[in-house]
Amino acid sequence: MQYMLLIYVPESDREPTAAEMESRMAEFGAFSERIQTSKAYVDGSRLAPATSATTVRVRDGRSVITDGPFAETKEWLGGYYTVEAASLDDALKIATDCPGAKYGSIEIRPLASMG
Amino acid sequence: MRAWADVEERIARCFRDDAGRAVAALARAFGDLTLAEDAIQDAYVTALERWPRDGFPPQPSAWILTTARNRAIDRLRRERVGREKLERVARLDVAPQPPDAAPETDMTQDVDDRLGLIFACCHPALGVEARIALTLRTLAGLTTEEIADAFLTAHATMAQRLVRVKRKIRDAGIRFDVPPPERLEERLDDVCTVVYLIFNEGYTATSGDRLVRTELCAEAIRLARLLVAALPDEPELMGLLALMLFHDSRRNARAGADGRMLTLREQDRSVWDRASIGEANALLERAIAHRRTGVYQLQAAIAALHANAPAPDDVDWLGIAALYGRLAEIAPSPVVALNRAVAIAQADGPAAGLAAMNAAGVTELDGYHLYHAARADLLAQLGRRAEARAAYVTAAGLARNEREAEFLHERAASLGS
């Protein structure tokens, strides 16, 4: 089965310090390397900040474009991975290993099977 | 005509004895509980058509399992989305076979299937209410209606909840397997939580006026026995079973003749079930020998000090306070702090108890009736009648069980006005 790991990061009250930023980047970098060299990896990427998001809806043939992400929340989608895993437990194991789970939360969603 | 009825009766007996096991085996192979249940149903319907005509197969349970397996494969073939699943199933060696060539099911396999089903039903990725409902439905064999009634839920709502949770298991890829050793303890904890919640629902009956919903207690104990038998080296499992047996030993002593709930002190100890207490003592001893303490063992040890005291005045309250202290270290909670304070009051007097109660954490329990009831008890013992009465009234207002509320109002009234 394929699962998408959606990494949500909390909107923080303060900017992380340069040192915090650096150690976090190193952690994500290390995880990224681990996952990409594993058999589970399908694809993945960090996303640009939610401030760069644009949302479009087509209603009655007209497209309505709004600034910002789909839902205004305290947490925003910061990146994702798609992984191949035999079970939810295996996908959970990968997600638990991802630093995103420590700094934010990770939603695990199976890709719907192709008809 | 009579012969026909006999055959039908024999098939019904087969179904009662074997269907649960067969569902567990198929669910494990296909990762889909609904599919497994439907296929087993189909197989029994087929049996009802064929066995009276062709005679009983040499191995009825194996015949059912193989027929159901073939039915499930047929169903998956008809559904386009089933193909991916079929590939997995093919790897699991459940290809169609002629029913009578089926091998006898092996016992270890059987235990693993049941365990796998328990672990899937209690998976932390499922909502707690859904876990409880599913466990009762699939493992305890309660009907949807019975579960709905036990939890004061509309039948349709409960049916919907069960459909949804089975779908989540299938779609999320929750496997019906015993977790690997490194994850066993954590997952076992989730299983214990569900079993203990079922027991507590039966034991305390959070709403309504039936004091003991015996069936829920009995099912929780049965499940725990099954788990202890299958995983004999898990001290927390033994602790959980011991804990429930200690509580359950008092089932006939908890209510007075008028149905009112009795305190431990008021209960007639000669009515406590000695066999249950003996079994629990032995389990607890076995668990402690593993030297891996945990919340269930500690709670069972506390229950043991109550259960084994010949009279209320013989209870080792210092020991109980110490065990609650230990429990507070590994699983701190306001309720544990409260119980520790109550034990201290018993050991060292109401003033010491009240002091412990005013300390760390207990005041967070403002919405918990037992906190106010315990405070009221201590205040009454210290002669602070007005404060005690007010605390009993607060407690009564918060109690959800009608009998408990009644009991607390009586206490308030006994302090005069």
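Four strands of chain A form an open sheet in the order β2-β5-β1-β6. The pairing in this sheet is antiparallel. Its edge strands are β2 (41-46) and β6 (105-110) of chain A, each pairing on one side only. On average, neighbouring strands are turned by 20 degrees against each other, direction ignored. Strands are DSSP runs of E with at least two residues, helices are runs of H or I with at least four, and both are numbered from the N terminus. Two strands count as paired if DSSP finds at least two bridges between them.

The model is predicted; local features need pLDDT of at least 70, side-chain atom pairs count only at pLDDT 80 or more, and totals for chains, interfaces and linings use all residues. Residues are numbered from 1 along each chain as its sequence is written, while chains are lettered from A and ligands numbered from 1 in the order in which they are written.

β2(A) and β5 (residues 75-84) of chain A run antiparallel and are joined by five bridges. Here A:D43 stands opposite A:T82 in β5(A).

Chain A has an average pLDDT (the predictor's confidence in each residue, from 0 to 100) of 90. At least 70 is reached by 98% of the residues. Within chain A, confidence is highest in β6(A), at a mean of 96, and lowest in β4 (residues 62-67), at 90.

In chain B, B:A359 lies in the loop between α16 (350-358) and α17 (369-381). B:A359 counts as exposed (12 or fewer other C-beta atoms within 10 Å of its own, with C-beta atoms placed from the backbone) because it has 12 such neighbours. The C-alpha atoms of B:A359 and B:L26 are separated by 54 Å. Along the chain, these residues are 333 residues apart.

Definitions and conventions:
Buried ≥ 20, exposed ≤ 12 C-beta atoms within 10 Å, placed from the backbone. Axes fitted to C-alpha atoms, helices over the stretch in contact; angles between N-to-C directions.
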